[in-house]
Amino acid sequence: MIRIGVINISDRASAGVYEDIPGKAVVALLTDWLSCDWEPVYRVIPDEQDQIEATLIELADSEGCCLVVTTGGTGPSPRDVTPEATEAVCQKMMPGFGELMRQESLNYVPTAILSRQTAGIRDQTLILNLPGKPKAIGQCLSVVFPAIPYCIDLIGGPFLTTNEEQMKVFRPKA
Ligand SMILES: Nc1ncnc2c1ncn2[C@@H]1O[C@H](COP(=O)(O)OP(=O)(O)OP(=O)(O)O)[C@@H](O)[C@H]1O
Ligand SMILES: Nc1nc2c(c(=O)[nH]1)N[C@H]1C(S)=C(S)[C@@H](COP(=O)(O)O)O[C@H]1N2
């Protein structure tokens with residue numbers, strides 16, 4: 001079974017002050033888009049770098065997720081450390097994901113440039129950061145998702161397929 005990790009990184013969501021709207025939005029979008037069998041591995045944790053790194057490693061190495069999507073903790077506030085934790089556990093960074101998501105987000109908010117969201121590869125897992133604002137989830141994930149299945153192919157992960165009417169992905173011809 002294909003497994004995809006979803007981690008909401010937020011002090012307030014992990015304390016139960018908020019409902020986890022961003023994490024649920026990620027699961028809902030992937031459910032709409034993916035036509036292959038898959039299951040989410042879902043966590044809600046505070047903005048603690050050690051805990052973020054440990055959860056990313058657990059979902060990649062022990063839970064076997066080919067993709068881990070994080071929400072929140074990408075901004076400039078002192079407790080926003082999601083990009084640092086991502087970089088610490090990845091062998092290779094994929095800066096194009098953050099560049100494209102920020103460019104797209106600028107169509108909605110001038111504060112798009114405040115997100116340091118990025119992506120990286122840990123062995124056979126792609127880790128992707130999204131901002132924590134519920135509205136940002138679809139705006140960011142939909143613009144980068146067309147390249148994600150091929151990225152997972154290239155790192156030796158499972159073959160992700162989508163419902164073409166909902167989400168058309170791109171794989172270059174051999
Ligand atoms: N479940 C939610 N419902 C409504 N707004 C949310 C929710 N989660 C996040 N947000 C909004 O997104 C912003 C950024 O979210 P993020 O998770 O990065 O930080 P946060 O929720 O402020 O986390 P923390 O509690 O760690 O400060 C929040 O300030 C809030 O405006
Ligand atoms: N698409 C989109 N991107 C966005 C936003 C948004 O509302 N929509 N908010 C921005 C703001 S105000 C901040 S502070 C940063 C960081 O958000 P985070 O700390 O929740 O990750 O994301 C930015 N990117």
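**View 1. Pairing of strands E4 and E5 in a predicted model.** Strand E5 (residues 119-122) and strand E4 are antiparallel partners, joined over 2 bridges. Strands (E, at least two residues) are DSSP runs numbered from the N terminus, and two of them pair if DSSP finds at least two bridges between them. Met93 lies opposite Gly120 of E5. In general, strands of a sheet pair through backbone hydrogen bonds, parallel or antiparallel.

**View 2. The open sheet.** The order of its 6 strands is E2-E1-E3-E6-E5-E4, with mixed pairing. Strands E2 (38-45) and E4 (92-93) are at the edges with a single partner strand each, so one side of each has no neighbour in the sheet.

**View 3. Residues around ligand 2.** Ligand 2 is surrounded by 16 residues (a heavy atom within 4 Å). The closest are Thr74, Gly75, Ser105, Gly132 and Gln139. The shell consists of 5 nonpolar, 9 polar and 2 charged residues, with Gly counted as polar, Asp, Glu, Lys and Arg as charged, and Ala, Val, Leu, Ile, Met, Phe, Trp, Tyr, Cys and Pro as nonpolar.

**View 4. N and O atoms at ligand 2.** An N or O atom in the Thr74 side chain is 2.5 Å from an oxygen atom of ligand 2. A polar backbone atom of Gly132 is 2.8 Å from an oxygen atom of the ligand, and a polar side-chain atom of Gln139 is 2.8 Å from a nitrogen atom of ligand 2. The protein covers 85% of the 530 Å² of accessible area (Shrake-Rupley, 1.4 Å probe) that ligand 2 has on its own.

**Notes.** Residues are numbered from 1 along each chain as its sequence is written, while chains are lettered from A and ligands numbered from 1 in the order written. In this predicted model local features need pLDDT of at least 70, side-chain atom pairs count only at pLDDT 80 or more, and totals for chains, interfaces and linings use all residues; side-chain values use heavy atoms, leaving out hydrogens and water.

Technical notes:
Polar contact = N/O pair within 3.5 Å; in protein donor to acceptor, adjacent residues only side chain to side chain. Helix = DSSP H or I, 4+ residues; strand = E, 2+ residues; numbered from the N terminus.
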